[in-house]
Amino acid sequence: MVTKIPSGVRLLLASGAAAALAATALAPSARAADDGGKKVLTVAVSQSVDSLSPFLAQRLVSTTIHRLAYEYLTNYDVKDARPIPGLATSWKPSPDKLTWTYTIRKDSKWSDGEQATAEDAAWTFNKMMTDENAATANGSFTANFKKVTAPNPETLVIELKKPQATMVALDVPIVPKHVWEKVGDFSKFNNDKQFPIVGNGPFVVTDFKVDQYVKLKPNKDFWRGAPKFDELVLKYYKDGDAAVAALKKGEVSFVQGLTPAQATALEKTPDIKVNDAPGRRFFALATNPGARSQDGKSFGNGHKALLDPAVRKALFHATDRKTIVDKVFQGHAVEGEGYIPPRFGDYFWQPSADQRIAYDPGKAAALLDQAGYRKNGDGKRVGKDGKALDFRILCHATDPNDKAIGKYLQEWWGDLGIGLKVDCLDNVSDPWLKGDYDLAFDGWSVNPDPDFVLSIHTCSALPATPKDSGATDNFICDKQLDELYAQQTVEYDPAKRSELVKQLQSRLYDTGYMNVMAYPNAVEAYRTDQIKSIKTMPEAGGNLWGQDGYWSWWSAEPAEGSAGSGGGSSTGVVIGIAAAVVLAAALGFFFAMRRRTTAEDRE
C-alpha cells in the first residue's frame, strides 16, 4: 500500500543559521570551502523510507533509491520507456516462450569489487520463490517462475509455468548473493545498519537516518559511467512549504510535489525552473470491500453499507471530479476515469457514455432511496437497521489535497444525508493494514508495464492471515478481475494484452471499489544556477522525480562555477540540513531527486 506524500513539521532555523543563509548569495565560496569543494546534489523528498531492503520496500522514495543502487535485468529507455539492457545485455525466449535466456553483462561489478554475475540474479529470484517474506514487495513477478538457473556467470535461464508478458519488464532489483545469503529473517531485515550498502547501480548508499536523509555517492565503476556529482542527498521534509523555502535559499536544488500556489510563486523566482509534466500517478478514492485474508477470515471494522454496490455507485455519482481538478489541483491534473493514467496510451481506458458514472447528485439520491437508505426526519440517511450512513475516510495529515478534497466530500455527501469524518493521520498504514477504515485516499505510480498495479487487486495479493500484511492495496478480491489479470499476464500480443488490461479496468470501475478522481501532473522545480543539465523522462515533456529508471540523477550535471571555488573549477553548491542545523556549503551548485506514492508510490 502506498502512503501519500507526507509533509508537516517545519524546520526552525536558529538565528545564526538564518543569518548564514541570508548571506549565501554574498559568500558562496565560504560555503564551498566548508564542504571541501564537494559537488553535492540535495533533493527534498516528502516521503519516509519504509525499508532499504529491496525485498520489502514499496514506497516511491524507497524504490527510487533501489533503482539508483541496484541494476535490474532490463531498464526503460529515457526517450520512450521501451525495454533496454540493464544487467542483461540481451534476452531470448524459446519458441513456446516458456524459457527465457538472458545474457548478463561482463562489465558490472558490485561496489565491494566482486563481479556481478548470473548467479546473483538466479539467487535473487530463487529467494523470492522460496521465502514468502522475500516476495513481499515484488512477488508477483516471480509467482509464475518454475525454475531459475545460472549455467555460467554470463547466462541466466528462467523457466515459466505458463507464458508471462512481463519478462522484459521485471522490476526487481538484483542483489549480491555473497552479501544477502547471510541474512536470516527477511521480514525483519531492513538493510539499514551497515554502510556502505553493496550495490552495482550508478550510486552507492553510504548513510541513512530515519526521517532525516539518505546519502549516496557515485559508483565510479558503474558500466554506463559515473554520475557527475560527488554526493547525492535525499533530504526528508514533512512540510512542503519548508522544502520550498529551502529551494529558494539554495539549501536544496530540487523539490517535487508542489501545490499550485507554490508552483505559481516559484515561476516568478530567479534561477528556478518549474517543470509541470503529465504524471504517472493516479489519485483515487478507495472503499473498504471488507478486509479479509486468504485463509477466509474477515477482519477490520469497515462500514457494512459499503459492501452494497448501490451505495458505492451513489458515492461515485456524488463526487465531482471536474471540481477537484479545477479547484484543488487548479488545472495541474487531468480528470480521472480509468485506472491507468493517459500518459500510458496503450493501456489508457475510458468508460463509454452509458457506462460513465458522472457527477449527478439526483441519481445518487435515487440509488440510495432504491437501496433502502432513506432520509429520516433529521435529513440523515439510514439503513433498514435504522443506523445512519456515517463514514470515515483515511486522510494523510500532511497532504493538502487530501484535506481539501475531504471538505468537498463532506459538503457533497452531506447534501445526500451522508456523514463523513475525515481522519487525518501521520500514519495511515496501520489502520489501513488492519482494515480499520471505510474509505481512504489512495494513489500509485504506474510503470510502463502495468502488471504490478494490476496485481495488487487480485485475490492472491490478500494477506495469508489477518496478522500478515500481503501485497494487496485495498483488499479487493473479485473473480472477474482475477480472470482478466491472469489472461493479460500470459498474453504476448501487445494489442490483445492492451484490450485485456482495458477490460480489467472496466470491471474495476464497475465494482465501485476504486474511484479514480484525477491524474495529477508531476509539478516540481529546480535551481538552474545549480544544475547545468538533467534528463526528464520521457525526454520530451517528461518528469524528473519518480522516473522508471535512474536517468535524472545519473545524468545531472553541476552548473558552471564562478570565482571563489578552489582552483577556479566548477563545483556544486552543497548544503545538507540535519536536525535544524544548516551546514555551510560551496561555490557552485547542486540538485535533487525522486515510486508509488504512495502508495507512494510505488510509486
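View 1. Pro538 lies in the loop between strand E22 (531-533) and helix H16 (551-555). Helices (H or I, at least four residues) and strands (E, at least two) are DSSP runs, numbered from the N terminus. This is a predicted model, in which local features need pLDDT of at least 70 and side-chain atom pairs count only at pLDDT 80 or more, while totals for chains, interfaces and linings use all residues. Residues are numbered from 1 along each chain as its sequence is written, and side-chain values use heavy atoms, with hydrogens and water left out. Pro196 sits in the loop between helix H5 (177-180) and E8. Most residues other than glycine have a negative phi, and most peptide bonds are trans.

View 2. Asp211 belongs to the loop between E8 and E9. Its relative accessible area is 40%, so Asp211 is partly exposed. Buried means under 20% relative accessible area, exposed over 50%, and partly exposed in between (1.4 Å probe, protein chains only). Gln330 is in the loop between helix H9 (321-328) and strand E14 (333-335).

**View 3. A disulfide joins Cys395 to Cys424.** A disulfide here is a pair of cysteine sulfur atoms within 2.5 Å. The whole structure holds two disulfides. In this one, the S to S distance is 2.3 Å. The link is right-handed, with 80 degrees about the S-S bond of Cys395 and Cys424. Cys395 is in strand E17 (residues 390-396) and Cys424 in strand E18 (residues 419-425), so the pair links distant parts of the chain, 29 residues apart. Cys395 is buried, at 0% relative accessibility. Cys424 is partly exposed, at 32%. Asp423 is also found in strand E18. Asp423 is buried, with a relative accessible area of 18%. Beyond residues up to four places away in sequence, Asp423 touches Arg392, Ile393, Leu394 and Cys395. Contact means heavy atoms within 4.5 Å.

**View 4. Cys459 and Cys477 form a disulfide.** Their sulfur atoms are 2.0 Å apart. This link is right-handed too, with 100 degrees about the S-S bond. Both Cys459 and Cys477 lie in the loop between helix H13 (451-455) and helix H14 (479-489), so the pair ties together parts that are 18 residues apart in sequence. Cys459 is buried, with a relative accessible area of 19%. Cys477 is partly exposed, at 23%. Counting bonded cysteines along the chain, the disulfides follow the pattern 1-2, 3-4.

**View 5. The largest nonpolar core has 93 residues.** A nonpolar core is a set of buried Ala, Val, Leu, Ile, Met, Phe, Trp, Tyr and Cys residues joined through side-chain atoms within 4.5 Å. Tyr102, Phe125, Leu156, Ile158, Tyr339 and Trp553 touch the most other members. Helix H4 (residues 118-130) gives the most to this core, with six residues. Leaving aside neighbours within four places in sequence, Ile158 contacts Leu98, Tyr102, Phe125, Phe145 and Met167, among others. A second, separate core of 35 residues includes Leu285, Ala305, Leu315 and Ile405.

**View 6. The largest pocket has a volume of about 1,400 Å³.** A pocket is an open set of points, on a 1 Å grid over the protein atoms alone, with protein on both sides within 12 Å along at least five of seven lines; lining residues have an atom within 4 Å of a point. Grid points are joined across faces, edges and corners, and a volume is the space filled by probe spheres set on the points. Of the 48 lining residues, Gln58, Thr136, Ser469, Gly470 and Ala471 are the closest to the pocket centre. H4, helix H12 (429-434), H13 and H14 each give two or more residues to the lining.

Definitions and conventions. 1 Å grid on protein atoms, 1.4 Å probe; cavity = no way out; pocket = protein on both sides within 12 Å on 5 of 7 lines; lining within 4 Å.
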